[in-house]
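Me: I am new to reading protein models. Can we go through this one feature by feature?

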Amino acid sequence: MPVRIGVVVFPGSNCDRDTVHALSIAGAEPVELWHEQASLGGVAAVILPGGFAYGDYLRAGVIARFSPVMRAVGAFAADGGLVLGICNGFQVIAEAGLVPGALLRNRDLRFLGRDVLIAAERLDTPFTHALAAAGRPLRMPIAHGEGCYFGDDAALDALERDRQVLFRYVDDSGGSATKDDRTTNPNGSLRAIAGVINAAGNVAGLMPHPERAAEAILGSADGAGIIRSLVDSAARAAAGEAPVAVGAR
Amino acid sequence: MSTHRFAVNVTPKPGILDPQGRAVEGSLGHLGIDGVSAVRVGRRVELTVDAADESAARAVVERLAGELLANPLIEAYAIESISGASSTVGVPAGAGNPV
């Protein structure tokens, strides 16, 4: 039986159907979860998709954070459940404090919709283990106005020390983008951070869209490895097996 | 119970890059204005609270400012009582801009 994975739908989500499709072709059974539901219906993992939840009023993700479904997602995550936030979903889980940091307005104030290159820093997580290699550039689109990753120096140092930087913007040889290179680091993210993982290793977020680069017809299938990793990890969790080695700390 | 009106002023913390402030600053030259620097753009939220007294009302505003209106990682806030002051509520119908 395919593993059931929830896709949260907020008013203003607009990547929920892409995410549902990407999960389907990865062999999962997607389950849409409306923002007013207080229960996750027994899914084995949850994706918070991209979009503009609640119009992104006040700050991107903050109104969504207080919705009934997020209370359930928070409890699920606290219990070790797998949660992936993509783009606006990353902003929501950052506002909710499920992953560290904040997403600020892009450096040049513009909404950015284009392909970027990112690389996974580690493969020993439920979100990256199906990728071919760490450090290999993955092409996928971004589509955001507030994607500039921010933490203070101490917080960033702690992230690096604890290996919580999951994805970084890179150049085409896989080298980390510098802060000011607008080609490789589109939004000015500090330390070129494109995605992070929580300390427990079960909640991750990233600004680029793996679900929009999950099959060749979309121009890139590089995102499929991230979706497949999650589907496989969720299937293991549903079968009561140990998760993919989370961290080696 | 009494009614209290507050404003919460939310601003980017010192050291946080504020591209909006920078854009505003960058436009000043077009206006022929110089000598203005360190522009920071924030947000002001006005609200009315019904509570037992002013300090109870302020406690409510503290909580909502810290949890919702500002993200303490990146923003600072200051709460200001504007009870009795002129504000955007209570404007009589028809007193707005002429159409």
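Me: Which residues have the most contacts inside the largest nonpolar core?

Reply: First, a caution: this is a predicted model. The largest nonpolar core has 87 residues. Those with the most contacts inside it are A:Ile5, A:Val46, A:Val83 and A:Ile93. Helix α6 of chain A, residues 224-238, gives this core its largest share, seven residues.

Me: What is A:Ile93 in contact with, leaving aside its neighbours within four places in sequence?

Reply: Its partners are A:Leu48, A:Val83, A:Gly85, A:Leu98, A:Val99, A:Val203 and A:Gly205. A second, separate core has seven residues, among them B:Phe6, B:Ala57, B:Ala65 and B:Leu69.

Me: Now the sheet. How do I read the order of its strands in chain B?

Reply: Start with the general idea. Strands of a sheet pair through backbone hydrogen bonds, either parallel or antiparallel. Here, three strands form an open sheet in chain B, in the order β2-β1-β3, and the pairing is antiparallel.

Me: Why is one side of β2 and of β3 in chain B left without a neighbour in the sheet?

Reply: Both strands, β2 (43-51) and β3 (75-81) of chain B, stand at the edges and have a single partner strand each, so one side of each has no neighbour in the sheet. From one strand to the next, the twist averages 25°.

Me: Over how many bridges do β1 and β3 of chain B pair?

Reply: Seven bridges, in the antiparallel sense, with β1 covering residues 2-12. Take B:Val10 as a case: its bridge partner in β3(B) is B:Tyr77.

Me: Last one. How many residues of chain A are in contact with chain B?

Reply: Ten, and they meet eight residues of chain B. The chain A side divides into five nonpolar, no polar and five charged residues.

Methods. Residues are numbered from 1 along each chain as its sequence is written. Chains are lettered from A and ligands numbered from 1 in the order in which they are written. This is a predicted model: local features need pLDDT of at least 70, side-chain atom pairs count only at pLDDT 80 or more; totals for chains, interfaces and linings use all residues. Two residues are in contact if their C-beta atoms, placed from the backbone, lie within 7 Å. Ala, Val, Leu, Ile, Met, Phe, Trp, Tyr, Cys and Pro count as nonpolar, Asp, Glu, Lys and Arg as charged, and the others, Gly among them, as polar. Two strands pair if DSSP finds at least two bridges between them. Helices (H or I, at least four residues) and strands (E, at least two) are DSSP runs, numbered from the N terminus. Axes are lines fitted to C-alpha atoms, for helices over the stretch in contact, and angles run from 0 to 180 degrees between N-to-C directions. A nonpolar core is a set of buried Ala, Val, Leu, Ile, Met, Phe, Trp, Tyr and Cys residues joined through C-beta atoms within 7 Å. A residue is buried if 20 or more other C-beta atoms lie within 10 Å of its own, exposed if 12 or fewer, and partly exposed in between; C-beta atoms are placed from the backbone.
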